[in-house]
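Q: Could we go through this structure together, beginning with the charged side chains?

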Amino acid sequence: MKIKHPLSKKEVKRIIEDMSKIFGNEVAKKLISKNDQVLIGEFDKKTQILFVNKKPRFIKREDLIFPLVIALYEISNVEDLRKWKRRVVVDQGAVPYILNGADVMAPGIVDADEEIKEGDFVFIVEEQYGRPLAIGIALLDGKTMKEKKKGKAVKVIHHAKDKIWELTVL
């Protein structure tokens, strides 16, 4: 991965604002602060990885920025992600499929943030321990995810054990 350049204070402030809108101020502060050094690295033509104080923390695609699975994993040691905004909680039966890169199917969902809108970035956690498995784009709103009994609910774009994960767990 090629590190391109550091982000300006203004760009870092915008990321903080985006994370605050998604998760709330308290959670945003756990992910990034205005004094952090943020570098941007090119993963591929569509995807960039943002490093906060030399640690990979965010994925950026087009104008969307979202925490990487590894960043959420580290936070899950002290926080219960099953209560966070933008969460999709899946049963144990879905875990191996998601870790192999499958999209999240509606029957495997046991809970979801009802404020999720179609097209939102979301993160997927397993129900037993609340560990993050993947991030993706919601194909349904949160309420429908919980009620629907068939079909795809989340398009997975990054999951634990994929190429981005392997690069970030150093």
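A: The side chains of Glu 79 and Lys 30 form a salt bridge, with N and O 2.4 Å apart. The pair links distant parts of the chain, as Glu 79 is in the loop between α3 and β6, Lys 30 is in helix α2 (residues 25-31), and 49 residues separate them. A salt bridge here is a side-chain nitrogen of Lys or Arg within 4 Å of a carboxyl oxygen of Asp or Glu. Helices (H or I, at least four residues) and strands (E, at least two) are DSSP runs, numbered from the N terminus.

Q: What should I know about the model itself?

A: This is a predicted model, in which local features need pLDDT of at least 70 and side-chain atom pairs count only at pLDDT 80 or more, while totals for chains, interfaces and linings use all residues. Residues are numbered from 1 along each chain as its sequence is written, and side-chain values use heavy atoms, with hydrogens and water left out.

Q: Back to that pair: how accessible are Glu 79 and Lys 30?

A: Glu 79 is partly exposed, with a relative accessible area of 23%. Lys 30 is also partly exposed, at 38%. The classes are buried for under 20% relative accessible area, exposed for over 50%, and partly exposed in between (1.4 Å probe, protein chains only).

Q: How many salt bridges does the whole structure have?

A: A search of the whole structure finds 12 salt bridges. One of them joins Asp 80 to Arg 82, with the closest N and O atoms 2.8 Å apart. Asp 80 also meets Lys 83 in a salt bridge at 3.2 Å, N to O.

Q: Is Lys 83 buried or exposed?

A: Lys 83 is exposed, with a relative accessible area of 65%. Salt bridges that share partners also join Arg 87, Asp 111, Glu 114 and Lys 146 into one network.

Q: Changing topic, what is the strand order in the six-stranded sheet?

A: The order in this open sheet is β7-β11-β10-β9-β6-β8, with mixed pairing. Its edge strands are β7 (104-105) and β8 (109-112), each of which pairs on one side only. Two strands count as paired if DSSP finds at least two bridges between them.

Q: Which strands pair with β9?

A: Strand β6 (residues 87-90) runs parallel to β9 and is joined to it by four bridges. Arg 87 has Phe 123 as its bridge partner in β9. Strand β10 (residues 132-138) pairs with β9 in the antiparallel sense over five bridges, and Ile 124 has Ala 134 as its bridge partner in β10. β9 and β10 form a hairpin with five residues between them, and Gly 130 in the turn has a positive phi of about 75°.

Q: How covered is β9, and which way do its side chains point?

A: Strand β9 (residues 121-126) is mostly covered, with six of its six residues buried. Phe 121, Phe 123 and Val 125 point one way, and Val 122, Ile 124 and Glu 126 point the other way.

Q: And what holds β7 to its partner strand?

A: Two bridges join β7 to strand β11 (residues 152-159), and the two run antiparallel. Val 104 stands opposite Val 154 in β11.

Q: What does Asp 103 reach with its side chain?

A: The side chain of Asp 103 makes a polar contact of 3.2 Å with that of Lys 152, and it reaches the backbone nitrogen of Val 156 at 2.9 Å. A polar contact is a pair of N or O atoms within 3.5 Å; within protein, one must be able to donate a hydrogen and the other to accept it, and residues adjacent in sequence count only if both atoms are side-chain atoms. Asp 103 lies in the loop between α4 (95-99) and β7, and is buried, with a relative accessible area of 13%.

Q: Which residues other than glycine have a positive phi?

A: Among them are Lys 54, with a phi of about 70°, and Arg 86, also with about 70°. Most residues other than glycine have a negative phi. Lys 54 lies in the loop between β3 (47-52) and β4 (55-61) and is exposed, at 71% relative accessibility. Arg 86 lies in the loop between α3 (69-75) and β6 and is buried, with a relative accessible area of 16%.
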